[in-house]
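Okay, thanks everyone. I'll walk through the pockets and then say a word on confidence. Let me put it up on the screen.

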Amino acid sequence: MSARLSLRPLSVAAAYRELADPNLGGIVVFAGRVRSDPTPAGPVVALLYEAHRAPALQVLSDLEHEVQRRFGAGRTVAWHRVGRVRVGEVAVIVGAACGHRDQAFAATRFLIDRLKRNVPVWKEVRARRARPPRPRPTRRRARSTG
Amino acid sequence: MAATRTRRTPAPGAGLRLRILLFAAARTAVGTRSFEWPVPAQGTTVRELLAQLSEAHPSLSPVLAHSRFFRDGRAVTRRDERVKPGEEFAVHPPYGGG
């Protein structure tokens with residue numbers, strides 16, 4: 001089990017390593033990335049994530065226990081970024097390793113759905129207003145005085 | 001004025017307070033991350049506390065209607081739970097992780 005709130009970038013490869021177990025044949029890793037959605041203020045450039053840390057870690061850990069009980073997951077990860085996360089960066093990783101693929105898919109789906117609903121994490125959008133094109137500098141021609 | 005109550009109204013049972021923690025929309029509504037709130041020695045129910053906060057900060061009222069609450073990191077499950085002096089009472093507007 002691995003519940004984490006991180007100021008640093010999350011690694012899918014690290015999550016996979018955390019889940020790898022010779023006795024578990026099905027591994028599913030889900031990564032949620034920040035999208036460049038349009039907003040009235042311009043395209044999203046980043047999301048600012050904030051968590052109520054202790055309760056968030058507790059809920060993540062409780063979720064993992066539930067997934068192990070319900071789906072027989074042998075290993076799980078539930079990681080979330082906090083702080084500023086730029087477009088294209090991974091904001092959340094959840095995953096489960098189970099005996100077979102059906103349980104692994106179901107467990108991972110359950111983890112991300114419950115995480116979004118029950119973990120005290122909030123996001124604020126940071127958008128960039130498109131700049132108007134800069135006026136071209138006008139060139140003055142030297143006049144011939146002759 | 002009700003809005004100044006956080007700073008000026010003396011606590012019933014002077015010096016007994018709890019800490020209110022605000023997140024996301026709750027913080028935006030009040031304009032601060034946290035503040036102290038007077039509370040009697042025997043504590044107050046969550047229901048009473050929410051009514052007092054709504055009165056003092058009308059802009060917080062609609063946020064409270066859709067929020068969950070935590071006392072010292074534990075989820076509040078009943079509105080008749082008593083919040084006691086020295087505790088931390090957190091307001092959690094709807095979550096937005098992922």
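So, to start: which residues line the second largest pocket? This is a predicted model, by the way. From chain A we get A:P55, A:Q58, A:V59, A:D62, A:L63 and A:N118, and from chain B there's B:R68, B:F70, B:G73, B:A75 and B:Y95. Two elements give two or more residues each to that lining: α2 (53-71) of chain A and β4 (68-71) of chain B. The largest share is from α2(A), with 5 residues. By type, you're looking at 6 nonpolar, 3 polar and 2 charged residues. The space in there is about 170 Å³.

Now the largest pocket, which comes out at about 290 Å³. It's lined by 17 residues, and the ones closest to the centre are A:R33, A:R35, A:L47, A:K123 and B:G98. The elements giving two or more residues here belong to chain A: β2 (26-33), β4 (42-51), β7 (90-98), α3 (101-118) and β8 (121-127). That lining splits into 9 nonpolar, 2 polar and 6 charged residues.

Among the elements of chain B, helix α1 (residues 5-8) has the lowest mean pLDDT, 44, while strand β7 (residues 88-92) has the highest, 98.

That's me done, thanks.

Notes:
Residues numbered from 1 in each chain as written. Chains lettered and ligands numbered in written order. Predicted model: local features only at pLDDT ≥ 70, side-chain atom pairs only at ≥ 80, totals over all residues. Heavy atoms only, no water. 1 Å grid on protein atoms, 1.4 Å probe; cavity = no way out; pocket = protein on both sides within 12 Å on 5 of 7 lines; lining within 4 Å. Points joined across faces, edges and corners; volume = space filled by probe spheres on them. Helix = DSSP H or I, 4+ residues; strand = E, 2+ residues; numbered from the N terminus. Nonpolar A, V, L, I, M, F, W, Y, C, P; charged D, E, K, R; others polar. pLDDT = per-residue confidence, 0-100.
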